[in-house]
Amino acid sequence: MTTVNTGAPDAADEPTGQHAPATTVRTATAARPSRGARIRRGIGMAAVIAVGAGAIGLGTGVSPAAAERAPAHAGWDGSRYWFKNSQGQWRWTTHYSVYLARTGGKSAPKSSTKSSSKSSNGGIKQGWDGSRYWFKNSKGEWRWTSHYDIYLERTGGSSSGSSGSSSGSSGSSGGSSVAADRNVETAVEYALAQLGKPFRTAGNGPDGYDCSGLVQQSFRRGGISLPRVANDQYAATTPINASQLRRGDLLFWSPDGTRRGIQHVAIYLGNNKYVEAARPGTLVRISGISSGYYPAYMGRP
């Protein structure tokens with residue numbers, strides 16, 4: 001079969017990038033293909049081109065049937081970081097450093113998935129969330145530590161906020177900046193992280209507490225061991241008076257005014273506020289000291 005000179009001696013062969021060899025010039029005496037043959041040849045070449053185009057189109061290694069749905073936005077979706085490459089195609093990685101490199105250092109938007117360490121608008125709140133301390137670095141990025149001294153260093157000594165809300169309170173830490181003892185502050189922040197959980201008789205958490213159960217479990221997180229029952233907890237503390245009260249001290253109520261009659265305990269926050277698991281039908285909450293319901297005893301763990 002004869003070939004046809006394209007008339008472009010410098011044309012390159014596409015797959016190799018090399019110049020095509022000179023083609024043989026069709027002689028005047030060569031038989032001209034019939035019209036039907038030329039049509040069949042054209043159809044065959046179009047089929048080859050179409051197949052080749054299809055092969056190139058699937059060259060990414062992802063077939064349309066196996067392709068994942070495009071994310072709603074760039075950033076973290078709860079399991080991976082999504083971004084667009086230079087061709088506008090969605091790609092993902094589980095490595096934050098790779099995500100930053102591909103997006104020019106832009107932070108990944110947070111997932112809107114709710115968790116106990118996040119507020120209702122999807123943002124992490126500064127402070128203790130029940131397992132770690134959250135804070136923002138100098139770039140405004142969220143970081144965490146399980147060490148209270150590091151948390152204080154990164155936040156300039158400011159108090160960490162509560163991670164929940166409660167009836168009859170503003171949902172803030174409700175008191176002075178921080179406890180003098182970091183172990184006591186860890187206990188306070190753990191108690192604040194339980195705000196909104198239900199009162200549960202003999203409850204030791206994590207889904208519900210009674211008053212002494214909340215106190216015992218909170219101080220356990222700070223490495224401080226206390227008995228389980230309120231009047232025994234008072235016996236394990238150093239008695240103090242109202243003028244000595246500071247964040248992390250314990251407040252005790254006794255209907256008959258005696259130590260043996262102590263039936264309720266709460267953790268003092270400062271500014272006449274305390275966190276408590278009050279009684280059945282209520283949630284762990286922040287309350288205020290009042291003259292009508294004044295603690296009979298006070299103690300320092």
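Predicted model: local features only at pLDDT ≥ 70, side-chain atom pairs only at ≥ 80, totals over all residues.
## Strands around β12

Residues are numbered from 1 along each chain as its sequence is written, and side-chain values use heavy atoms, with hydrogens and water left out.

Strand β7 (residues 238-239) runs antiparallel to strand β12 (residues 297-300), and 2 bridges join them. Two strands pair if DSSP finds at least two bridges between them. Strands (E, at least two residues) and helices (H or I, at least four) are DSSP runs, numbered from the N terminus. Strand β8 (residues 250-253) is also antiparallel to β12, joined to it by 3 bridges. Here leucine 250 stands opposite glycine 299.

## A three-strand sheet

Elsewhere, 3 strands make an open, antiparallel sheet in the order β1-β2-β3.

## Aromatic pairs

How many aromatic pairs does a search of the whole structure find? There are 5. Rings of Phe, Tyr and Trp (its six-membered ring) pair if their centres lie within 6.5 Å; planes under 30 degrees apart count as stacked, over 60 as edge-to-face and the rest as tilted. One of the pairs is tyrosine 234 with tyrosine 297, which is tilted because the planes sit at 50°, with the centres 5.1 Å apart. Tyrosine 234 is in helix α6 (residues 230-235) and tyrosine 297 in β12, so this pair ties together parts 63 residues apart in sequence. Both tyrosine 234 and tyrosine 297 are buried, meaning under 20% relative accessible area, while exposed is over 50% and partly exposed in between (1.4 Å probe, protein chains only).

Tryptophan 253 and tyrosine 293 form a stacked pair, 5.0 Å centre to centre with 10° between the planes. Tryptophan 253 belongs to β8 and tyrosine 293 to the loop between β11 (285-288) and β12, 40 residues apart. Is each one buried or partly exposed? Tryptophan 253 counts as buried at 6% relative accessibility, whereas tyrosine 293 counts as partly exposed at 39%. Ring pairs also link Tyr234, Phe252 and Tyr297 into a cluster.
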